[in-house]
Amino acid sequence: MTTTAQSQDVGPAAKPTPADLVDALKTMAGNPPNARANFAKGVCVKGAYTPSAFAPLVTKSQSFTRPSEVLGRFAVSSGNPHVADTNKGALKGFSFRVGPAGHQSDIVTENAPVHFARDLTQMLASLKARTAGPDGKVDPEKFKAFGAANPEALNQAHLVGAKPLPGSWAGTIYWGVHAFPATDAKGQTRHIKFKVVPHIAEVTLSEDEAKARPADFLKGDLEQRLAGGPVRFDVLAILGQPDDQVLDTTQRWVNEDHRETIRLGTISITSLAPEDSCDAGIFNPAALADGIAAPPDEIFAARAPAYAISLGRRRGG
Ligand code: HEM
């Protein structure tokens, strides 16, 4: 059955809008003022990107084939800017702007290879099922029922839950989640997924170690590491095959961890940056320099407008 644009915009079964999702994220977090609707807690950082000689095999994008400065932000998910870094349910994020002036791309990644919804209707239902009711309490039965009816929406929680808690932003693996069409120097296009891998081994915490950490330990950990030198990550492209599915953000590609990957380049974070450098605007998932195109899925399409609405709310709009 086909759906007309009109029938998506009206009626009780209308597809949620980006504004509906921002509202749901803000409500879930208790509406803290001036805070991002998600990943409200974070630190702004800067550094440099050095391309590898192999980047043009994947993309002609000058964002990835030329050296540049980098503006970045490490963050913790939730619209609550005081969420504990040790909260098991809170993802760790790494957003970065890479590329020379006029050719910049914003890549927004997190420590999960999949999203918690395959479309906007499922995403809104997931957020609502995790939001406190009028009594101020989240009803665990509500989320249980949601999960039973939407098993793929639990993939993210299962994948993240199977790993120990991250103990450092500098020692965490991040994924770009969506499948991005990448056009190489010869003009050939294939889908890639971004994976950002730290130069140091993954840093994790046991449950007992986590209990002993202060709620805001990640910032101090980063400062300490930066005092000892740059914090480095390889930016990898996981190569897609022609028959890979590219629309369902709750699913990994078959054998994704063992796919051929190409190192696009290396990010060296050298210091913290003034918070305003990150807070004055957004890391805009749709800002992609020629050679990397917008992923085709529905979730991706909602992100740039949602981030812009969140920015407006942060400014009191
Ligand atoms: C429809 C799906 C999504 C919606 C509606 C959404 C919504 C948002 C919003 C409103 C913000 C705050 C933006 C701001 O005020 O600057 C945000 C930030 C963020 N989101 Fe999403 N998001 C979605 C999907 C994703 C996915 C799939 C990922 C993982 C790749 C992700 C990772 C992040 C990160 C890391 C940040 C922090 C950005 C920063 O540091 O400024 N989001 N998201």
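Glu 69 is partly exposed, because 15 other C-beta atoms lie within 10 Å, where a residue counts as buried if 20 or more other C-beta atoms, placed from the backbone, lie within 10 Å of its own, as exposed if 12 or fewer do, and as partly exposed in between. The structure is a predicted model, in which local features need pLDDT of at least 70 and side-chain atom pairs count only at pLDDT 80 or more, whereas totals for chains, interfaces and linings use all residues. Residues are numbered from 1 along each chain as its sequence is written. Glu 69 belongs to strand β2, which covers residues 68-76; helices (H or I, at least four residues) and strands (E, at least two) are taken as DSSP runs and numbered from the N terminus. With residues up to four places away in sequence left out, Glu 69 touches Lys 46 and Ala 48, contact being defined by C-beta atoms, placed from the backbone, that lie within 7 Å. Between Glu 69 and Lys 46 the C-alpha to C-alpha distance is 7.5 Å, although 23 residues of sequence separate the two.

For the chain as a whole, the secondary structure amounts to 10 helices and 11 strands. The radius of gyration is 19 Å, close to the 20 Å that the globule rule gives for 317 residues, so the chain is as compact as a globular protein of that length; the radius is taken over C-alpha atoms, and the rule is 2.2 Å times the number of residues to the power 0.38. Along the principal axes, the C-alpha atoms fill a box of roughly 55 × 55 × 40 Å. Of the 317 residues, 39% count as buried, and 76% of the contacts with a separation of 6 or more are made by residues 24 or more positions apart.

Two helix pairs were examined, with axes as lines fitted to C-alpha atoms over the stretch in contact and angles running from 0 to 180 degrees between N-to-C directions. Helix α2 (residues 18-28) packs against helix α10 (residues 298-314) at an angle of about 55 degrees, the axes being 8 Å apart. The two helices α2 and α10 are therefore oblique to each other, given that angles under 35 degrees count as roughly parallel, over 145 as roughly antiparallel, 65 to 115 as roughly perpendicular and the rest as oblique. Pro 18, Ala 19, Leu 21, Val 22 and Lys 26 of α2 make the contact with Ala 302, Pro 305, Ala 306, Ile 309, Ser 310 and Arg 313 of α10. By class, these residues comprise eight nonpolar, one polar and two charged, with Ala, Val, Leu, Ile, Met, Phe, Trp, Tyr, Cys and Pro counted as nonpolar, Asp, Glu, Lys and Arg as charged, and the others, Gly among them, as polar.

Helix α4 (residues 120-129) and helix α5 (residues 140-149) pack at about 155 degrees with axes 8 Å apart, and α4 and α5 are therefore roughly antiparallel to each other. In this pair, Ala 125, Ser 126 and Ala 129 of α4 meet Lys 142, Phe 143 and Phe 146 of α5, a contact of four nonpolar, one polar and one charged residues.

Backbone geometry was also considered. Most residues other than glycine have a negative phi. Val 177, although not a glycine, has a positive phi of about 70 degrees, and is found in the loop between β6 (174-175) and β7 (180-183). Val 177 is buried, with 24 other C-beta atoms within 10 Å. Asn 255, likewise not a glycine, has a positive phi of about 60 degrees and is placed in the loop between β10 (231-239) and β11 (261-272). Asn 255 is exposed, with 8 other C-beta atoms within 10 Å.

Conventions: Contact = placed C-beta atoms within 7 Å.
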